[in-house]
Amino acid sequence: MPHHRSHRAHAAVLGSGIAGLAAAGALAPLCERITVFERDDPPAECGPRKGVPQGRHGHILLMDGENALAETFPGLVAELEARGSCRVNFGSELRWFHHGVWKVPYDSRLIVHMQSRPFLEAILRERLAGLGNVKFRYRTAAHELDVEGGRATAVRVREAEGPEETAAADLIVDATGRGSSLVRLLAAHGYPAPREERLALDIQYSSRLYRPRPGSQQPWKALLVAQTPPAKRRLGLVFPVEDGRWIVSLGGYLGEHPPANEEGFLDFARSLEQPDLLAALRDAEPLSEIQALRFPTARWTRFERLSRFPAGLLPVGDTVCSFDPVFGQGMSVAARGARLLAAHVDRDPRAGDPKPYLRALARVVAVPWLLTSSEDLRYAGVEGRRPFWLPWLQRYTHRVFRLTGASAPDYDRLLRVLHLLARPPLLFHPATLARAVGRTAR
Ligand SMILES: Cc1cc2nc3c(=O)[nH]c(=O)nc-3n(C[C@H](O)[C@H](O)[C@H](O)COP(=O)(O)OP(=O)(O)OC[C@H]3O[C@@H](n4cnc5c(N)ncnc54)[C@H](O)[C@@H]3O)c2cc1C
């Protein structure tokens, strides 16, 4: 993408989660000034904050997400490593139990970086602060949009308990996340309500930081004991994060919620399908309270299907689609969305028609949405739209998942799809297809 500021546009970015930070970074070379409005207090060094309660839970950044962030923030990966992120070879160093089998270990050459979510945010914020044309305004919540003649012209904000201000902007990026008011604000200006895809998952996460005891030796760097739908609804993970710690998250679907007290947390860990996570906890010292978070519904708002949409208004991240968190896609799709948004602004500097951007974003969202919804809908109790071909797809992917316990080439294809590096048809590669179907025939 060309790096120039010829457009002299002023952008207002609402929200400083990963989507807001990535959007500000991607727009910085294209805009004269960017103001990021954030409802939260200025964050402490790199601790969790109120507006991002999910920041206390395990957050994996998929390869495509890392690539998208590194395109926006050159040198990011080296910086993550230098400051203490953990390099994990996804194929050989992440031990993963899935659909009743342990994945076959192999050198995947997919090196992911694991760190806490606040640590990643802090590094992106520092990068933006160093750019010169990005300004942060904390304790400043956006609560209204001005739309004139089909264009979003300003955002109304209020700092702490102060008076309302009208912040005029050429571009307004809504990155306020799951709680975004965009649908309500559009309705207030006479726009139709967008359709919504919903999956009622009723998930809870409970998480805690640990430090492995000196001398503790695990045959993995990261561990994931995943749910096996439809029978089993519980999962647990151990991800290494900066400062030699682990973040341990337990999760359960459809009301099977991990408690946030010591005894309940350990009992839940004991109830997982494999004993490895509990064994690892015996070798580690807790460093924090246990924090719980409910996640009732995954939701995709189809803004791209609206016949009319205000010029200059660009939603990104969870505002558009809040995925089932278990599959770790949200930050990656947010980062990819920010790249798309900037590419659109490069072509159409005042976003006179955001529809091509919204349609391109929907095409990006569609793949991870299909991957997770087809898994979630294995649970009969999950309400959601079930296309007629779904049972067929589910039977096939279940076979592929089982194959990945023994066949490295098939596992490699699956990883490339899950990390959003390749499209799902790769799972129908002739060799995989032959093995998946042949196995059943036998
Ligand atoms: C339990 C859990 C686990 C997850 N695990 C993963 C994972 O492993 N990998 C992954 O990629 N994703 C994961 N996700 C999803 C991920 O957190 C989000 O998809 C990602 O952070 C992108 O979100 P966002 O930036 O759009 O919104 P958020 O991160 O929610 O940020 C929104 C920001 O907007 C601010 N804000 C809100 N309203 C206003 C307002 N009116 N005015 C100004 N500011 C406002 C908030 O304070 C916040 O800073 C998980 C989510 C949950 C719930």
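**Salt bridges and their setting**

The side chains of R245 and E242 are joined in a salt bridge, with an N to O distance of 3.2 Å. R245 and E242 are both buried. The model in which this pair is seen is a predicted one, and the structure holds 39 salt bridges.

A second pair is formed by R413 and D410, whose closest N and O atoms are 3.1 Å apart. Both residues belong to helix α11 (residues 408-418), where they are 3 residues apart, about one turn of the helix. R413 has a relative accessible area of 14% and therefore counts as buried, since the limit is under 20%. D410 is buried too, because its relative accessibility is 0%.

The pair D64 and R336 meets through its side chains in a salt bridge of 2.9 Å, N to O. D64 and R336 are both buried.

Salt bridges also link residues into a network, whose members are E38, D40, R49, R117, E121 and R125.

Turning to the sheet, five strands form an open arrangement in the order β7-β2-β1-β11-β18, and their pairing is parallel. The edges are held by β7 (134-137) and β18 (313-315); each has a single partner strand, so one side of each is left without a neighbour in the sheet. On average, neighbouring strands of this sheet are turned by 20 degrees against each other, direction ignored. In general, the strands of a sheet pair through backbone hydrogen bonds, in either a parallel or an antiparallel manner.

Helix α1 (residues 18-27) lies across β1 (9-14), β2 (31-37), β7 and β11, and runs at about 170 degrees to β2.

A loop residue comes next. P229 is placed in the loop between β13 (222-225) and β14 (234-241). With a relative accessible area of 8%, P229 is buried. Leaving aside residues up to four places away in sequence, P229 touches H99, E375, R378 and Y379. The C-alpha atoms of P229 and E262 are separated by 27 Å, and the two residues are 33 residues apart along the chain.

W392, F428, L433 and V437 make a nonpolar surface patch of about 360 Å². One of these residues, L433, is found in helix α12 (residues 430-441). L433 counts as partly exposed because its relative accessibility is 34%, whereas D410, at 0%, counts as buried.

Note on methods. Residues are numbered from 1 along each chain as its sequence is written. This is a predicted model: local features need pLDDT of at least 70, side-chain atom pairs count only at pLDDT 80 or more; totals for chains, interfaces and linings use all residues. Side-chain values use heavy atoms; hydrogens and water are left out. Patches are made of residues with over 30% relative accessible area and no salt bridge: like charges are joined within 9 Å, nonpolar side chains (Val, Leu, Ile, Met, Phe, Trp, Tyr) within 5 Å. Accessible areas come from the Shrake-Rupley method with a 1.4 Å probe; for residues, only the protein chains shown count as cover. A salt bridge is a side-chain nitrogen of Lys or Arg within 4 Å of a carboxyl oxygen of Asp or Glu. Helices (H or I, at least four residues) and strands (E, at least two) are DSSP runs, numbered from the N terminus. Buried means under 20% relative accessible area, exposed over 50%, partly exposed in between (1.4 Å probe, protein chains only). Two strands pair if DSSP finds at least two bridges between them. Axes are lines fitted to C-alpha atoms, for helices over the stretch in contact, and angles run from 0 to 180 degrees between N-to-C directions. Contact means heavy atoms within 4.5 Å.
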